[in-house]
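Student: Could you take me through one part of this structure slowly? I would like a close look at a single helix and what surrounds it.

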Amino acid sequence: MKIGFIGLGNMAGAMIGGMLGKGLANAEDIVGSARTEATRNRIQEKYAIKTVGDNRQTAEAADILFLAVKPLVLAEVIDEIRNSVRPECLIVSIAAGRSLGWLKEAFGREELKIVRCMPNTPALVMEGCTGICAGEEVSGEALDRVVALMESFGRASVVPERLMDAVVGVSGSSPAYVFLLIEAMADGAVAAGMPRKQAYEFAAQSVLGSAKMVLETGLHPGELKDMVCSPGGTTIQAVKVLEEKGMRAAVMDAVEACIEKSRSM
């Protein structure tokens, strides 16, 4: 099975690294194309895969073809490769806001095997979270194969396409919200005299550990919060301030704004 990547940016690199690291593909099974020679050389040196400068060459070779380019250039790329994609090829798009219907229309084919995925940047450290939906032409076996590939660099879940914009809001874009939280927590510690590098380490590790507790204990986040809030203690005072400042509503509004933007793209 030959796996092709059109676009070899950070996300594609993380995906390739995960697939190779988990033994789901060998380097000789992967071919990728990118616009710049520098990018091609970097990926080739790091992962020992074949890289080319012609997207059509990648499309012709692939049994599974990942479209790992930005939404704004996706139509241009599809126009370039549409006649090079073999009928049996499984196409996987990671572009936000581009529906299965849009992809079919762009390719000009009704009988096209298409899967939409929305990974996020923690894939770069093998802790990604990916939402996946598939067209009717995609078999259960083919979908399982895509899920396995996506789980090579984190967690992956199949969702109905109507929820893909929600995936963007709660997962695809949300690392930016968490980075803001970490930065703000560290700023508070710096204001109290802690060196900045140390403050970032304390804040980031606390977020990492807290997230792991949610995933591994199975307890409701509210229950975990209550476990930290001792009567008359320091934590409940901090929580009170966050509630007064509208943190919960601000985060919900941010996620909703992200979802609406994704729907309008």
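Tutor: Happy to! Let's begin with what covers the buried residues of helix 1: this includes strand 1 (3-6), strand 2 (30-33), helix 2 (37-47), strand 4 (64-67) and helix 6 (140-150). Helices here (H or I, at least four residues) and strands (E, at least two) are DSSP runs, numbered from the N terminus. Buried means under 20% relative accessible area, exposed over 50%, and partly exposed in between, with a 1.4 Å probe and protein chains only.

A word on the background: this is a predicted model, where local features need pLDDT of at least 70 and side-chain atom pairs count only at pLDDT 80 or more, while totals for chains, interfaces and linings use all residues. Residues are numbered from 1 along each chain as its sequence is written, and side-chain values use heavy atoms, leaving out hydrogens and water.

Now the helix itself. Helix 1 covers residues 10-21, 12 residues in total, and from its first C-alpha to its last it reaches 16 Å, close to the 16 Å expected at 1.5 Å a residue. That expected span is 1.5 Å times one less than the number of residues. Helix 1 is mostly covered, with nine of its 12 residues buried. Those buried residues are M11, A12, G13, A14, M15, I16, G17, G18 and M19. Just after helix 1 comes G23, which takes a positive phi of about 75°.

Helix 1 also has a part in the lining of the second largest pocket: helix 1, helix 4 (71-81) and helix 7 (164-172) each supply at least two residues. Helix 4 gives the largest share, five residues.

Notes
Contact means heavy atoms within 4.5 Å.
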